[in-house]
Amino acid sequence: MKKLCLLLSLMALPCLLSAQQKEPNLWGIVTIDSLNKAPYDVWFKKNYADYKPRPSVIGQLKGVSFKDFSIKMFFGTWCGDTKREMPRLLKVLDEIGFPKEKITFIALSSADSTRKQSNKREESGYNIFRVGCYIVEKNGVEVNRIYELPTLSMERDLLAIFVHQNYTPQYPAYAVIEKWLKEGWLAEDNISPQSLATQIRPKVGSMSDLNACGYVLLAAGKLKEAVKIFRINTTLFPDNSSAWHSLAEGWFKFGDKEKAQIALENGLQMNKNPELAHEFLALQKQIAAK
């Protein structure tokens with residue numbers, strides 16, 4: 001244990017942490033007027049004005065009846081993807097005359113304890129694993145969603161969703177995880193993470209795909225489900241130190257210090273990133289003090 005703490009301390013020495021002034025974040029249900037005011041108007045108005053939707057696709061969208069459709073926009077004013085893509089999406093919706101009263105804006109948190117949550121939990125039940133997340137509903141039932149950025153362009157993705165074409169958003173693994181959550185597989189002890197990893201492997205693009213999902217579940221209090229997602233991630237990415245750090249954090253919050261320590265040591269053995277060292281050290285101190 002002493003050797004581990006010493007090694008962590010030495011690795012953390014190169015890390016320089018500086019406080020940064022941040023733009024205040026919106027939280028909860030807001031209106032479009034909020035985005036047209038400082039400080040958000042700086043990025044919102046520019047990205048809205050700069051985007052030029054393809055006229056031919058706009059023409060096709062104008063032929064769609066929006067009578068039964070509505071859109072929920074889960075976003076973060078702290079999120080670079082939101083700042084770039086949400087103004088583009090709204091530009092398209094304005095050009096096709098989509099009713100403004102059928103758009104709901106829900107600003108989510110970036111804090112660890114309320115990760116991707118709104119202040120009144122309007123996101124509950126939607127499993128928002130990435131931000132922005134733009135959910136198209138018909139008669140109150142989800143048709144499909146756009147995660148972070150479109151697969152082609154905002155206007156082409158919207159057309160595919162509105163006319164019920166076969167459409168798969170970014171991060172196809174999340175649809176699988178939503179199914180597992182509904183069926184209770186992530187909370188069932190007899191279903192091994194190795195088996196689930198085999199099923200989901202073709203749909204996972206990178207370690208961060210499942211890591212983001214695990215932290216959302218952790219913040220929502222679904223500790224057993226979060227740990228299983230982190231275990232799947234270390235099965236898929238056994239050489240990734242960040243995946244092991246996340247698993248250690250999950251086990252620690254679940255209340256298993258021994259397994260948290262093992263995961264931490266596994267991650268430390270392969271860590272080559274000095275900037276991650278202080279995170280290992282901080283978690284090690286929490287585990288030791290508990």
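Predicted model: local features only at pLDDT ≥ 70, side-chain atom pairs only at ≥ 80, totals over all residues.
View 1. Of the 13 residues of H9, 12 are buried, so the helix is mostly covered. The buried residues are Met207, Asp209, Leu210, Asn211, Ala212, Cys213, Gly214, Tyr215, Val216, Leu217, Leu218 and Ala219. Among the elements that cover them are helix H7 (173-183), helix H8 (193-200), helix H10 (223-236) and helix H11 (241-254).

**View 2. Length of helix H9.** The end C-alpha atoms of H9 lie 19 Å apart. This agrees with the 18 Å that its 13 residues should span at 1.5 Å a residue. Just after the helix, glycine 221 has a positive phi of about 85 degrees.

**View 3. Surroundings of alanine 219.** Alanine 219 belongs to helix H9 (residues 207-219). Its relative accessibility is 19%, and because the cut-off for buried is under 20%, alanine 219 counts as buried. Leaving out residues up to four places away in sequence, alanine 219 touches Asp112, Ser113, Arg115 and Gln117. Serine 206, 13 residues from alanine 219 in sequence, is 21 Å away from alanine 219, C-alpha to C-alpha.

View 4. Glutamine 117 sits in the loop between strand E3 (103-107) and strand E4 (133-138). With a relative accessible area of 7%, glutamine 117 is buried. A polar atom of its side chain lies 3.2 Å from the backbone oxygen of alanine 219.

Key: Residues numbered from 1 in each chain as written. Heavy atoms only, no water. Helix = DSSP H or I, 4+ residues; strand = E, 2+ residues; numbered from the N terminus. Buried < 20%, exposed > 50% of the residue type's maximum accessible area, 1.4 Å probe, protein only. Contact = heavy atoms within 4.5 Å. Polar contact = N/O pair within 3.5 Å; in protein donor to acceptor, adjacent residues only side chain to side chain. Expected span 1.5 Å × (residues − 1).
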